[in-house]
Structure formats: C-alpha cells, structure tokens
Amino acid sequence: MLLFKKVLGLFIVFEGIDGVGKTSHINSLKDFLMNEGLDVIVTSEFSEPEIGKDLKQIFVQKKLANLEELLLVNALRSWHYRKVIQPALNNGKCVIMDRFIDSTWAYQINEDKNLAELFSIILTEIGMQEYDMVFWLTGKNHRNSNLISNNVSDRFDSNDSDFFEKVHRNYEAVFKNIPSEKLFKYENINFDSVQEMIRADVLKVYNRKLHI
Ligand SMILES: Nc1ncnc2c1ncn2[C@@H]1O[C@H](COP(=O)(O)OP(=O)(O)OP(=O)(O)O)[C@@H](O)[C@H]1O
Ligand SMILES: Cc1cn([C@H]2C[C@H](O)[C@@H](COP(=O)(O)O)O2)c(=O)[nH]c1=O
C-alpha cells in the first residue's frame, strides 16, 4: 500500500548514547520508507565523504577540549547542511540523520553556560531548518556489551558507564525543551517493537505535515 502520496521533505533525527541502536533503527526505517515510495537519504556529519570522514578520525582519536570539539563539529555541520541536508529537503526528500545538534548539547556543551551561549550563536549563524521529529533511543550500549576483551572501535566506545550516564542526563536536560509532538523517546530493549513504534510515529508526523 502506498502510504505516501505526495513529495514532501521530512527531516528525522536519531539520538542517543553510543551503541544504543541508532544505526540499526535508521537502516530499518530507511527500508520501510523506501518501500512506501519515499525518496530517502541517510546521512550524518561524520559520514560526509569530502571532509566529514577525515574530521571524524580527529574527533574520535584525539581528546580535544570541549571548545575545540564544538568549533570543529560545527564547521563540519555548516558545510554538511549546505551541501547535503538543505538540497535534499528542498528536493522533497526524507532526510534521516544519525545524530545532529542534540549530540553536541549532550557531549560538548555538558551544561557549560559559556559554551551553551556560544553554541546558540553558532546555530543562529548557520541558520538551519528545524527537524520534524527526533527519536531519542535510551538503554544500554549494546555494542560495548557485545565486545570481547577491549577491542573497542573508538575512544567514545571505550568510555565507562559513568560517562554514558552523564551524556544521558545531558540529553534529558536538552529534550525538556523539545515539544512533545516532535520528541519520541523509546527504550531500545526489544528491537522489533521499537521498530514498529518508530514506523507508526513517522507516518503520523508525515500525515500531519501533509495536511498543514
Ligand atoms: N534492541 C537491541 N537489542 C540488542 N542488540 C541491539 C539492539 N539494537 C541494536 N543492537 C545491536 O547493538 C549494536 C550497536 O547498534 P548500532 O550500531 O545500531 O548503535 P548506534 O547507536 O548507531 O551506535 P554508534 O552511536 O556508536 O554509531 C549492534 O551490534 C546492533 O546489532
Ligand atoms: C555529532 C556529534 C557526535 N559526537 C560523538 C558521539 C560519538 O561518540 C562520536 C562518533 O559518532 P558516531 O555516532 O559513531 O558516528 O562522535 C559528539 O561528541 N558531538 C557531536 O556533535
């Protein structure tokens, strides 16, 4: 059944701690939406091929100061928005992002008032469209719990549970400011049931947007 009848840009973001299941749900949602006839792109700042992948290497291998990380990730964010997100949305595509600005609030700003002020100014300057909906996945880092010995893939994965609890609390503080019709929070325990709820939520938001 073709649920999507009209070309309409839709901006969806997935957030949550490392290894919570964002990429798995994004891939499942992408397949679902493409089967429904939607033109979908999955993207993230760090997957952007021209500069994103190189910057990710610096980001995940070196421990920079929070200010330095903030500046680095937002230079990339501005570029990625201009080159990838904005053209896709303007062409009526559905853009699914693996992390966006709420990751920066949770990982770099970490409740620092000066950095928060600077980040707000940077966001105004970049001037990005707001996302339509954000899925906040909570729960444990499934990748870490599956890892054998210390074979971690980057410095973020090697963080301990205190670090992830702090990031989780930072997300909690950030998402208090997001309206309930945009924020969908799920504990990713049972993959299949979360997947069904995500699909239903996207249909609901899409149809609401269609009738505005
Ligand atoms: N509900 C679940 N139960 C058990 N394992 C899961 C569940 N969801 C995802 N996984 C597994 O957890 C691992 C991490 O998932 P995934 O890569 O999707 O997380 P992620 O949030 O995108 O991680 P990162 O932020 O580090 O890129 C994968 O091996 C995936 O198969
Ligand atoms: C966008 C963004 C990301 N991060 C951190 C969070 C992750 O641990 C790493 C790599 O991300 P991925 O999900 O494995 O692609 O980057 C961050 O600290 N701040 C950000 O704004």
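A crossing of two helices is called left-handed if the near helix is turned anticlockwise from the far one by less than a right angle, and right-handed if clockwise. In the predicted model described here, helix α2 passes helix α3 in a left-handed crossing. The axes of α2 (residues 52–61) and α3 come within 11 Å and cross at roughly 165°. Because angles over 145 degrees count as roughly antiparallel, α2 and α3 are roughly antiparallel to each other. On the side of α2, the contact involves Gly 52, Leu 55 and Phe 59, which meet Glu 69, Leu 72, Leu 76 and His 80 in α3. By class, the residues of this contact between α2 and α3 comprise four nonpolar, two polar and one charged.

Helix α4 contributes Ile 101, Thr 104, Gln 108 and Ile 109 to the contact, and α5 contributes Leu 115, Ala 116, Phe 119 and Leu 123. Six nonpolar and two polar residues make up the contact of α4 with α5, and no charged residue takes part.

The strands of the model include an open sheet of five, arranged in the order β2-β3-β1-β4-β5 with parallel pairing. From one strand to the next, the twist averages 15°. Within the sheet, strand β1 (residues 10–15) is paired with strand β3 (residues 94–98) in the parallel sense over five bridges. In this pair, Ile 12 of β1 stands opposite Ile 96 in β3. Helix α3 (residues 66–90) also packs on the sheet, where α3 touches β1, β2 and β3. The direction of α3 makes about 150° with that of β3.

Ligand 1 has 14 residues around it, of which Gly 21, Lys 22, Thr 23, Ser 24 and His 142 come nearest. Two or more residues of the shell are given by each of the elements α1 (22–35) and α6 (142–146). Classified by residue type, the shell around ligand 1 holds three nonpolar, eight polar and three charged residues.

Definitions and conventions: Residues numbered from 1 in each chain as written. Chains lettered and ligands numbered in written order. Predicted model: local features only at pLDDT ≥ 70, side-chain atom pairs only at ≥ 80, totals over all residues. Pairing = 2+ DSSP bridges. Helix = DSSP H or I, 4+ residues; strand = E, 2+ residues; numbered from the N terminus. Axes fitted to C-alpha atoms, helices over the stretch in contact; angles between N-to-C directions. Contact = placed C-beta atoms within 7 Å. Near = placed C-beta within 6 Å. Nonpolar A, V, L, I, M, F, W, Y, C, P; charged D, E, K, R; others polar. Parallel < 35°, antiparallel > 145°, perpendicular 65-115°, else oblique.
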